[in-house]
Amino acid sequence: NIIEGRKAWLKQWKYTREVMLPRLGQEHEGPRAGEIFRQKDLAATLRTLVEAEQQALKAGKDRKAAIQAAYDRFYRGDVAKELVRGTQEEGGLITLDDLAKWRVKIEEPLHVNYRGIDVYKLDVWTQGPALLQSLNLLENFDLKSMGYNSTRYIHTVYQAMNLAFADRDFYYGDPAFPPAEPTRGLLSKEYAKARAQTIRLDRNDADAGPGDPYPFQGEKNPYADLLAKLPLRALDRVAHVRRRPARVALR
């Protein structure tokens with residue numbers, strides 16, 4: 001429906017309309033729900049990369065070198081030339097030199113264990129760690145007893161993700177530049193437990209904001225002044241609840 005509703009905008013670009021609007025000229029030009037969405041050029045590109053890999057393996061190269069052969073064909077070979085040609089035809093600025101200079105960065109993924117299951121995501125240059133944070137938070141609740149997709153189940157999952165995304169928005173950045181993100185604190189089980197205590201099971205918390213993960217990795221928060229300017233923060237509420245349990249219980 002989104003493709004169909006935005007088709008006038010998509011038609012500005014030749015290759016976009018050819019791929020995204022398989023019924024050009026008909027009343028409904030976009031794909032329909034439930035049908036197979038075919039991308040022949042993408043399939044051809046993927047086969048080209050497999051071909052480069054297989055040729056390298058047949059030449060006696062190891063798996064790592066074979067993957068590099070596919071990588072080189074994409075960024076420096078015939079695929080790169082076609083990518084640049086098509087991009088520039090539509091007014092894009094990518095050049096062969098841009099692609100040739102690009103290098104993939106190999107990194108260790110981030111990791112948490114959720115109830116015996118190891119889960120890995122990419123670093124904070126993506127929003128992947130927010131999923132890991134969410135799982136750490138949800139480990140503090142008995143989701144199974146709530147019933148899958150029950151009102152309470154969905155509410156609890158939503159509230160956990162809300163806290164994780166609040167931390168994402170405040171702390172995540174480009175790990176290639178200082179200061180370093182507080183990843184150890186953000187993915188700490190103890191931090192998740194403290195954050196989980198702020199979740200209200202009776203209503204949505206519209207004021208949910210970032211917490212303070214730095215103490216959970218033995219450091220002082222360099223953004224304490226910015227946090228202080230925000231509305232009552234999640235970890236402040238934890239302390240508030242601990243100081244006045246009777247009044248909270250009465251509510």
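**Figure 1. Lining of the second largest cavity in the predicted model.** The second largest cavity is lined by Gln159, Asn162, Leu163, Thr198, Ile199, Arg200, Asp205 and Ala208. A cavity is a set of points, on a 1 Å grid over the protein atoms alone, where a 1.4 Å probe fits but cannot get out, and lining residues have an atom within 4 Å of a point. The space in this second cavity amounts to about 30 Å³, a volume being the space filled by probe spheres set on grid points that are joined across faces, edges and corners. By class, its lining comprises 3 nonpolar, 3 polar and 2 charged residues; Ala, Val, Leu, Ile, Met, Phe, Trp, Tyr, Cys and Pro count as nonpolar, Asp, Glu, Lys and Arg as charged, and the others, Gly among them, as polar. The model is predicted, with pLDDT of at least 70 needed for local features and 80 or more for side-chain atom pairs, whereas totals for chains, interfaces and linings use all residues. Residues are numbered from 1 along each chain as its sequence is written, and side-chain values use heavy atoms, with hydrogens and water left out.

**Figure 2. The largest cavity.** Gln133, Leu137, Leu163, Ala164, Asp167, Leu186, Tyr191, Ala192 and Arg195 form its lining. At least two lining residues come from each of α8 (128–138), α10 (151–171) and α12 (189–196); helices (H or I, at least four residues) and strands (E, at least two) are DSSP runs, numbered from the N terminus. The lining has 6 nonpolar, 1 polar and 2 charged residues.

**Figure 3. Crossing of α8 and α12.** The axes of these helices come within 8 Å and cross at roughly 65°; axes are lines fitted to C-alpha atoms, for helices over the stretch in contact, with angles from 0 to 180 degrees between N-to-C directions. α8 and α12 are therefore roughly perpendicular to each other (65 to 115 degrees; under 35 is roughly parallel, over 145 roughly antiparallel and the rest oblique). The crossing of α8 past α12 is right-handed, the near helix being turned clockwise from the far one by less than a right angle. Gln133, Asn136 and Leu137 of α8 meet Lys189, Tyr191, Ala192, Arg195 and Ala196 of α12, contact meaning heavy atoms within 4.5 Å.

**Figure 4. Crossing of α4 and α5.** The axes of α4 and helix α5 (residues 63–76) come within 8 Å, crossing at roughly 140°. α4 is therefore oblique to α5. α4 passes α5 in a right-handed crossing. Residues in contact include Thr45, Leu49 and Ala52 of α4 and Ala66, Ala70 and Phe74 of α5. This contact has 8 nonpolar, 2 polar and 4 charged residues.

**Figure 5. The largest pocket.** About 910 Å³ of space lies in this pocket, an open set of points with protein on both sides within 12 Å along at least five of seven lines. Among its 25 lining residues, Tyr15, Val19, Asp41, Leu42 and Thr45 are the closest to the centre. Two or more lining residues come from each of α3 (14–20), α4 (40–58) and α6 (78–89), and α6 gives the most, with 7 residues. The lining divides into 11 nonpolar, 5 polar and 9 charged residues.

**Figure 6. Backbone features in two loops.** The peptide bond from Pro178 to Pro179 is cis, with omega near 0°, and Pro179 is placed in the loop between α10 and α11 (183–186). Arg115, although not a glycine, has a positive phi of about 50°. Arg115 belongs to the loop between β1 (110–114) and β2 (117–121).
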